[in-house]
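The sequence and structure come first.

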Amino acid sequence: PATDIYSAGCLMLYLFYGMKYKAARGKNLASSRRVPAISVAEAVRHGYRRIAAKFFIAILSKALQFKPEDRYQNAEEMLADILRLKTLTTPPKFLLAENLTRSPYFVDGSRDAELADLQNDLVTGVQTCALPISDLQNDLANGIHPLFIFGVGGVGKSELACEFARNMIKNGTPAFRVTFKGSMRDTILSLKFSGYEADAPDSESDYRRRIDLLKENYQGCLLIVDNFDDDEKSFATVMNEPACVELVNETGLKILFTTRSRPNESAKELQPLNESNAMKLFTSISPVNANDEKIVRELIREVDCHPMTVELLAKTREDSWQTISYKELLQRLRYRGLDDTDLPAVAIKKNFTEREEKIYGHLRTLFNICRLGKDYRQAICHATLLPVDGFDAAIFITNELDDQKIQLRDLEAHSWIRRHKENNRLTIHPLIRTIFRNEL
């Protein structure tokens with residue numbers, strides 16, 4: 001075995017350096033007179049990061065020791081060191097809990113125009129809408145960033161951003177997504193990288209190291225900062241925080257923000273689906289026969305084709321085993337709140353628009369129609385305490401009482417909370433979070 005290891009060392013030396021090695025008796029690799037000494041600088045030139053170069057030389061030296069007893073004694077021992085070397089030479093990698101998996105209710109082709117506008121904005125450098133995917137790609141290709149997608153809650157900003165990212169990945173540009181944590185510094189400190197553990201978590205040195213990792217390994221990549229909103233601070237205040245300025249201007253990342261705030265006067269708001277695509281969304285969840293199509297379209301128009309409301313409408317109808325009629329749904333939505341005497345009124349904030357108040361009223365009415373009473377409201381209020389990027393579903397439900405476990409599963413079945421099967425994380429949409437926090 002030690003002889004075989006020596007042969008493997010000779011092969012590695014030849015493959016990496018083009019050198020043939022004839023060991024002088026008692027000499028190691030670095031001191032051999034027959035072969036020029038291999039320096040750290042030379043190892044770096046051959047593609048090894050400086051931190052790993054000495055370790056690489058040590059592996060070769062041990063494999064090529066003249067005395068068999070001084071070499072690796074078996075292949076497993078040498079392989080273990082090679083795998084350690086691989087870790088050292090592999091750039092740190094994002095290990096984000098959030099993912100870019102498409103929602104099962106995303107309607108193919110429903111956002112092609114917006115995607116095209118995003119691409120166009122990347123080309124022209126002027127953000128005129130929010131945005132078609134192809135336009136985003138063009139803007140990014142021409143170095144225009146950051147980009148923004150803005151609109152009311154539940155209109156599909158995150159889904160549009162993720163669809164754009166999936167397109168970028170298909171075209172060879174790595175893309176990642178992270179949820180805004182209230183400040184850009186905290187968001188950066190939440191990023192996880194393979195091969196990096198902070199000696200002093202959340203310290204200035206930890207923050208600086210993460211910025212350096214982004215600069216060194218992710219220039220030109222797309223980073224989506226999702227839900228870039230702060231109810232306590234203005235958009236300009238958050239955007240001008242030093243960490244945000246540094247991320248945008250100094251890391252070389254192409255950044256796409258999703259936000260409820262208008263980023264500039266020329267930006268256009270992301271609009272709800274058109275009626276045809278909203279109908280496709282509804283029927284993908286709850287089939288509609290030809291005789292009912294007219295009233296279902298009336299329902300969809302009543303909620304202004306708002307994607308989240310349309311999805312919950314369809315879920316409400318389907319989960320009732322179709323015992324709730326379309327006529328009843330329409331009547332309750334039109335007179336939202338008047339007959340919902342068991343549901344307390346939402347404390348609407350001053351800066352809520354009339355459109356947002358209408359959306360909130362519709363969602364509250366649907367929650368009541370689902371016959372999800374006080375106990376369910378308490379369970380969903382617990383869910384509003386989840387971190388913005390979600391929480392491990394298994395851990396969360398384990399700490400709930402048996403009745404609350406049933407309620408949480410019912411809420412997930414009705415789409416009021418989400419369990420992402422790819423990583424088993426439980427999340428609640430910011431819009432739902434806002435409504436039920438106002439209920440507290």
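Two strands count as paired if DSSP finds at least two bridges between them. The model is predicted. In it, strand β2 (residues 175–179) and strand β3 (residues 222–226) run parallel and are joined by 5 bridges. Because 5 of the 5 residues of β2 are buried, the strand is largely enclosed by the rest of the structure.

Helix α7 (residues 157–170) has 14 residues, which at 1.5 Å a residue should span 20 Å; its end C-alpha atoms are 20 Å apart, in agreement. With 10 of its 14 residues buried, α7 is also largely enclosed by the rest of the structure. Among the buried residues are L160, F164 and M168. After α7 comes G172, with a positive phi near 95°.

The aromatic pairs number 12. Two of them are tabulated here.

| Pair | Centre to centre | Angle between planes | Class |
|---|---|---|---|
| F148 and F257 | 5.4 Å | 15° | stacked |
| F367 and F436 | 4.8 Å | 65° | edge-to-face |

F148 lies in strand β1 and F257 in strand β4, so this pair ties together parts 109 residues apart in sequence. F367 in helix α16 and F436 in helix α20 are 69 residues apart. F148 and F257 are buried, and so are F367 and F436. F148 and F257 also belong to one aromatic cluster with F180, F228 and F235.

Charged groups lie over rings too: R185 is 4.7 Å from the ring centre of Y207, and the charged end of R317 is 4.1 Å from that of Y326.

Notes: Residues are numbered from 1 along each chain as its sequence is written. This is a predicted model: local features need pLDDT of at least 70, side-chain atom pairs count only at pLDDT 80 or more; totals for chains, interfaces and linings use all residues. Side-chain values use heavy atoms; hydrogens and water are left out. Buried means under 20% relative accessible area, exposed over 50%, partly exposed in between (1.4 Å probe, protein chains only). Helices (H or I, at least four residues) and strands (E, at least two) are DSSP runs, numbered from the N terminus. The expected span of a helix is 1.5 Å times one less than its number of residues. Rings of Phe, Tyr and Trp (its six-membered ring) pair if their centres lie within 6.5 Å; planes under 30 degrees apart count as stacked, over 60 as edge-to-face and the rest as tilted. A charge sits over a ring if NZ of Lys or CZ of Arg is within 6 Å of the ring centre and within 35 degrees of the ring normal.
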